[in-house]
Amino acid sequence: MRTFVATSLAGAALLGVVVSAPQTASADTIAFSSLPVIAVPAKAETPAAPEKIAATEHAEGIYAALPPFAQRKQQEEQGYHYVNVFSTEKEAQDLVADGSVNNTPDDGTGPRTCLTMGGSLSKRLTLYTRVKPYVPPKPTATEIAWLKRIGRWPPKPQAADKTPPKDTIETVHLERLASTKDAVTVETEDAFIDLQTLGTRTISKASMRLVRVAGGPNDIGIFAARDDKGQSIFLVTNPELPQPGSEEDRTAQMKQLQSTATRLVAQMPSGGSSETGCGYVRFALASKPGGGQMATVMATAFLPPSNEPDDTGPTEDQFESDSMNDEQRKMVRDMVHRENRNQRARPVAINVSLSQLASEQSPLLSVSLGWAGPDERLRF
């Protein structure tokens, strides 16, 4: 059956109005029957968590670390600290060395790697763990007086718990996305992490390849594959930031706007939602004769400069004077440039659906894109 892309969204303006943008919604997709088929492995039992993982044991791509003791001393005196989990060894080493966390935005030149514990994907995880048994705070005089009135003071003596805290084992999930123009490959890994020793152990690994089925403004990509159990897997990548005029502007743009570009929110067929700050969101849809499912992904598209005469910022003429020297004039030009340094943006909705009439042999794959709000200006 023919697969199509529509450029409409109920209640929103058509994306066809952005034909002047560098990229607009793609009009060609591949047939549903041409989607690559992913074999679903037999469901294996999740192994029981070990009691302890040696500090020398490491799962590939998952690095746990603590900041220097001086930074966590106060927390540990209160009986807890936070374990940071990274996807690169360098980030973990930087934290151990001086407590720094590299917040440099991803330039998009390499694979995207993200971590999760079942919620949103993120660049790193921060996990809480106790380092000694909890000791309740001593009651105040007012609290003691109240406890006496209700017959609960003095408390019954209890033997002190002298046993060390048990090792805490958690499960983390890693995803690594490598993309080309026509396809993406998602590699996943599940692993145990020992929050006491910081050792990690791989549970399982998997990989899947999805092909591009549609595109949108600023290189939004919609990729898909189908499994041999009747579901289709979709992955939507974020819009790319447009290239500014100078390297200085690019640095400021990446620092201020990359988090906006990589934030996607997906409304699932179940009614739940999924949010990511890693620049892509993945979900599954299923269809059978006489039924269908749809998901909507919200993103931020970036538009070319406005041509409206009133849509301008300050000018150099407003601040320059004849008494200024060259250095002062340069300062004015730089200031005006920064004040005018902004990016037009607009929310866009990407609808992905599978539907199948009772008389049809295969589902109809539909992708539609439409504006979901007015323009706004993002300063950087």
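**Close-up views of a disulfide and aromatic pairs**

**View A. Cys114 and Cys278 are both buried in this predicted model.** The two cysteines are joined as a disulfide, with a sulfur-to-sulfur distance of 2.1 Å, and the count for the model comes to 1 disulfide. The torsion about the S-S bond of Cys114 and Cys278 is about -130°, and the disulfide is therefore left-handed. Because Cys114 belongs to strand 5 (residues 112-116), whereas Cys278 sits in the loop between strand 13 (273-276) and strand 14 (280-286), the pair ties together parts that are 164 residues apart in sequence.

**View B. The rings of Tyr80 and Tyr82 form an edge-to-face pair.** The count of aromatic pairs comes to 4, and among them is the pair of Tyr80 and Tyr82, whose ring centres are 5.8 Å apart and whose planes stand at 85°, so that the arrangement is classed as edge-to-face. Tyr80 has a relative accessible area of 18% and is buried, while Tyr82, at 33% relative accessibility, counts as partly exposed. Ring pairs link these two residues and Tyr128 into a cluster.

**View C. Phe234 and Phe283 form a stacked aromatic pair.** The distance from centre to centre is 5.8 Å, with 25° between the planes of Phe234 and Phe283. Since Phe234 lies in strand 11 (residues 231-237) and Phe283 in strand 14, the pair ties together parts that are 49 residues apart in sequence. Phe234 is buried, and Phe283 is buried as well.

Definitions and conventions:
Residues are numbered from 1 along each chain as its sequence is written. This is a predicted model: local features need pLDDT of at least 70, side-chain atom pairs count only at pLDDT 80 or more; totals for chains, interfaces and linings use all residues. Side-chain values use heavy atoms; hydrogens and water are left out. A disulfide is a pair of cysteine sulfur atoms within 2.5 Å. Helices (H or I, at least four residues) and strands (E, at least two) are DSSP runs, numbered from the N terminus. Buried means under 20% relative accessible area, exposed over 50%, partly exposed in between (1.4 Å probe, protein chains only). Rings of Phe, Tyr and Trp (its six-membered ring) pair if their centres lie within 6.5 Å; planes under 30 degrees apart count as stacked, over 60 as edge-to-face and the rest as tilted.
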